[in-house]
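This briefing sets out selected features of one structure for readers who have the sequence and coordinates at hand. It is arranged by topic.

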Amino acid sequence: MGFSPFKMPIYSSKCGLIIMFLMSLCCIHPIGFSQGELRVGFYSRTCPQAESIVSSVVREATLSNPRTPALLLRMQFHDCMVEGCDGSILIDNGNAGERMATGNQGLGGFDVIDKAKAMLERVCKGVVSCSDIVALAARDAVFLRNGPFYQVPTGRRDGRVSDISHAANIPEVGDSIQLLKSKFRQKGLSDRDLVLLSAAHTIGTTACFFIETRLYNFTQGGGSDPAINPDFLPKLKAKCPFRGDINVRLPLDPVTEETFDVQILRNIRDGLAVIESDARLYDDRATKRVVDSYIGQRGSSAFGQDFAEAMVKMGNIGVKTGSQGEIRRICTAVNGVPL
Ligand code: HEM
């Protein structure tokens, strides 16, 4: 089912950690696939502990802040959408920087990436890129929420550009389905990828800020989005009252908020999508068909692997490899900039 240019080894949640541990101990990686110039096990000689260090930092951070997996999963999307997956989102260069773009509001987890980078610099100085840490952390985040464990091709190099104006085209909640499809297509992602990747909203939360229009100003007369299930609407409104605190957060998947599963797609079918861009996936013939294809029993068992493949595909957008870019010393600044 789904995009499948290669067959990816994928592991169930139970055995994933053990396999990950054994692979990092023995430096053996299952004969992987390579995509572009990225490849699974890129650091197996130069920094064999790279993946296990990232995993342990992510795990630890999740224990102290349960929001961590959702933040890290979202971060990879926002990294890849601007300048390609090159860690540009991590650069902290003030008001003119990419991080300050409207579409990047609410991003977090930067401290987790910084911590992993600091540990990696101690063990293998100048080897592991920040952009690879983002991709690995997103994978670990999915796994920690009972999602699939998948192999992440690595070998990305970090970009040197962070510019707020380059982030103007990030997909936004209020975009029409046509615009969402076209923004994904511009990055080489299909309608199927749009649905699968939006299903990342199976975990995590949104601020009321992002659903205000949907609740109180969707139609000209100030009505709500008619796609919202009538039993669900009052619950959403109670959480996010008109002119209430826009920073209050609510789960993107109100049914199984803690678990990575296919429920988010059922929610979309049932009018229980929380943000508008998720709801719009059921308005369009092509994306509706994809949503429906994962809801049945056969589809839902393919969901984990297909999601993982879409993540790998997203992780390949505009990557810098070889002599392009650099390996940043710290993730928040490009090399050579005085701290
Ligand atoms: C289709 C276009 C997308 C739009 C318009 C969109 C929009 C949003 C918005 C508005 C939020 C709430 C942010 C906040 O309040 O902090 C959010 C959260 C989130 N998004 Fe997306 N998103 C999209 C696609 C994706 C993709 C492709 C991924 C990852 C593969 C992703 C992962 C997440 C996660 C995990 C959260 C929860 C973050 C948290 O709990 O802080 N999103 N998204």
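The lining of the largest pocket comprises 21 nonpolar, 13 polar and seven charged residues. These values, like those that follow, come from a predicted model. The pocket itself has a volume of about 860 Å³. Domain 1 (13–169) and domain 2 (177–313) both contribute residues to its lining, so the largest pocket lies between them.

**Largest pocket**

- The lining of the largest pocket is made up of 41 residues, and the closest to the pocket centre are Arg-74, Phe-77, His-78, His-201 and Ile-275.
- Two or more lining residues come from each of α3, α6 (177–186), α7, β5, α8 (212–216), α11 (276–280) and α13.
- Helix α3 gives the most to this lining, with six residues.

**Iron site**

- Which protein residue supplies a donor to the iron atom of the ligand? The single protein donor is His-201, through its NE2 atom, at 2.1 Å from the iron.
- His-201 is placed in the loop between α7 (191–198) and β5 (205–207).
- His-201 is also one of the residues closest to the centre of the largest pocket.

**Cavities**

- The structure contains three cavities of 30 Å³ or more.
- For the second largest cavity, the volume is about 80 Å³.
- Twelve residues line the second largest cavity, and Val-152, Arg-156, Met-311, Val-312 and Gly-315 are the closest to its centre.
- By class, the lining of the second largest cavity has seven nonpolar residues, four polar residues and one charged residue.

**Salt bridges**

- There are 18 salt bridges in the structure.
- One of them joins the side chains of Asp-86 and Lys-320, with an N to O distance of 3.0 Å.
- Asp-86 lies in the loop between α3 (68–81) and α4 (110–123), and Lys-320 lies in the segment after α13 (297–314), so this pair ties together parts that are 234 residues apart in sequence.
- Within helix α4, Lys-117 and Glu-121 lie four residues apart, about one turn of the helix. Their side chains meet in a salt bridge with an N to O distance of 3.0 Å.
- Lys-117 and Glu-121 are both buried.
- A further salt bridge pairs Asp-270 with Arg-269, and their closest N and O atoms are 2.8 Å apart.
- Asp-270 has a relative accessibility of 32% and therefore counts as partly exposed. Arg-269 also counts as partly exposed, because its relative accessibility is 36%.

- Glu-83 is a residue other than glycine with a positive phi, near 65°.
- The loop between α3 and α4 holds Glu-83. With a relative accessibility of 25%, Glu-83 counts as partly exposed.
- Arg-243, likewise not a glycine, has a positive phi of about 55°.
- Arg-243 is found in the loop between α9 (233–239) and β6 (249–251). Why does Arg-243 count as exposed? Its relative accessibility is 70%, and the threshold for exposed is over 50%.

- Leu-180 is a residue of helix α6.
- The relative accessibility of Leu-180 is 4%, so Leu-180 counts as buried.
- Leu-180 and Asp-191 are separated by eleven residues in sequence, and their C-alpha atoms are 9.1 Å apart in space.

Key. Residues numbered from 1 in each chain as written. Heavy atoms only, no water. Donors = N, O, S within 2.8 Å, 3.2 Å for Na, K, Ca; no water. Salt bridge = Lys/Arg side-chain N within 4 Å of Asp/Glu carboxyl O. Buried < 20%, exposed > 50% of the residue type's maximum accessible area, 1.4 Å probe, protein only. 1 Å grid on protein atoms, 1.4 Å probe; cavity = no way out; pocket = protein on both sides within 12 Å on 5 of 7 lines; lining within 4 Å. Points joined across faces, edges and corners; volume = space filled by probe spheres on them. Nonpolar A, V, L, I, M, F, W, Y, C, P; charged D, E, K, R; others polar. Domains from an automatic or database assignment.
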